[in-house]
Amino acid sequence: MLKLYNTLTHKKEVFRPIKESGVSMYSCGPTVYNYAHIGNLRTYIFNDLLRRSLKYLGFKVTQVMNITDIDDKTIKGSQKENIPLKEFTKKYERIFFNDLKELNIIKPSHILRATESIQEMIFFIETLIKKGYAYKASEGIYFSISKSKNYGKLAQLEKSKNKKARIKSDEYDKSNPQDFALWKFYTEEDGNIFWEAPFGRGRPGWHIECSAMSMKIFGPQIDIHTGAIDLIFPHHTNEIAQSEAITGKKFVNYWIHAGFLTMKEGKMSKSLGNILTLENLNNGGFFPLDYRYLCLLTHYRSSLVFSLENLKAAKNAYERIKRKIIELKAKKIKGKDLTKEYKDKFKKAIDDDLSVPKAVQIFIDALDNQQFDSLKKLRLLEKFDEVLGLNIEEMKEEDVIISKEVINLMSERETARKNKDFKTADKIRDKIKSLGYSLEDSPDGVKAKKI
Ligand code: AMP
Ligand code: ZN
């Protein structure tokens, strides 16, 4: 039985969806004002692992993700680049989806842009005003946290003495919970970005977005809501307050939060100038799936301390898997059927709050087991890959990356052979061997193979 750690109750709980027909899962999406950094991407890999695991375990999953294409940062960014907001956010949205594709992340079932759900947000806010949970202030419409019964339970907040204070910014400090903006009235800084609402011209705050969009697709209650730990407060705390104020029902049954990716020197953040993107990794010779593999090796709730050394180690391990899978595809060796044994172990790992690092080890143990019938082994590993997403179905000979040094040596050897300098050619072959490759003749010429 699947158990997931629920931030709301601080324990691992048996997962039971509301409806037998399927699981509703909402994942907070990106603010599209810049490239996603690899910390952000770790969280999307986690979402993907959760969704794939649920499917593997037999659940039908509907996943919704929002795109925040309107907020302070997107407005400022578009003004700075002097392009219309829509064009600006579209650019980063495209890059984001391309990143997801390269990381073999399955696209959510529904992707909702904030700017395309403004009417739902306006309706949501109007209802909150009517019910007495929201009020008008000079800067916008605010949610009154003192009206909310369990405000701050998710984040284990002490109810603030200072709860009469108001905050306009979407992100703020946990030590000071305050009434937050549902709707920000228009100011000149917003340029031509505004919507008309019965309570005044302006634009939505960030938190209302996810409550309204979740409601739009799923109705009042959902099974799972995900994000990284930084969203517990204020974002998710405020989502609960708004949604439950409207419906009077428990908004989310399982709040699942992923740990942060950090650098040795601390947080990955723009102000520290230590942000890395997939493109940066690519320029360093790393493929997106090397990074995905690295992420699989740390449990989703733990922090992942990123370094180029651990990425390099993950890359080597992933390349070894690739070589072994390619060899396995070419083999037909009869052996024992160990499918059930490994399948049981794999399920046990996933059931235990998505213990993916253990699942990866089980995958490797099965791959390395010489007694296992080769065809049955391949079928089983393909099944496991429905969770891991290492793309083993696509792995083929040319994917094995041979180092530049070996490629250069091979070409030197070819020249020596052409010149009938067989002594030099043999020396080069030995050098290549010492680097871990053997050379084999094939109809298309000489090929290097990892020993
Ligand atoms: P943003 O685009 O800033 O709204 O962030 C997108 C997602 O990335 C959110 O779910 C954040 O919680 C998450 N996130 C931000 N920084 C990190 C990090 N260093 N490690 C893991 N997740 C992060
Ligand atoms: Zn959200």
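The model is predicted, so local features need pLDDT of at least 70 and side-chain atom pairs count only at pLDDT 80 or more, while totals for chains, interfaces and linings use all residues. Residues are numbered from 1 along each chain as its sequence is written, chains are lettered from A and ligands numbered from 1 in the order in which they are written, and side-chain values use heavy atoms, with hydrogens and water left out.

**Domains**
- The domain assignment, whose bounds come from an automatic or database source, divides the protein chain into domain 1 (3-258), domain 2 (263-399) and domain 3 (404-450).
- The C-alpha centres of domain 1 and domain 2 are 31 Å apart, and their contact (heavy atoms within 4.5 Å) takes 30 residues from domain 1 and 40 residues from domain 2.
- Between them these two domains bury about 2,900 Å², with 63% of it on carbon and sulfur atoms; this is the accessible area, with a 1.4 Å probe, that two parts lose on being put together, summed over both.
- On the domain 1 side, Ile 38, Arg 42 and Tyr 56 lose the most area to domain 2, together 28% of what that side buries.

- Cys 210 lies in helix α5 (residues 206-218) and His 235 in helix α6 (residues 232-247), so the pair ties together parts that are 25 residues apart in sequence; helices are DSSP runs of H or I with at least four residues, and strands are runs of E with at least two.

**Helix α3**
- Helix α3 (residues 85-102) has 18 residues and spans 26 Å from its first C-alpha to its last, close to the 26 Å expected at 1.5 Å a residue, where the expected span is 1.5 Å times one less than the number of residues.

**Ile 392**
- Ile 392 lies in the loop between α12 (374-388) and α13 (404-418) and is buried, with a relative accessible area of 1%.
- Ile 392 touches residues including Ile 325, Lys 329 and Phe 363, and Ile 325 is 67 residues away in sequence but 7.1 Å away in space, C-alpha to C-alpha.

Conventions:
Buried means under 20% relative accessible area, exposed over 50%, partly exposed in between (1.4 Å probe, protein chains only). Lists of a residue's contacts leave out its neighbours within four places in sequence.
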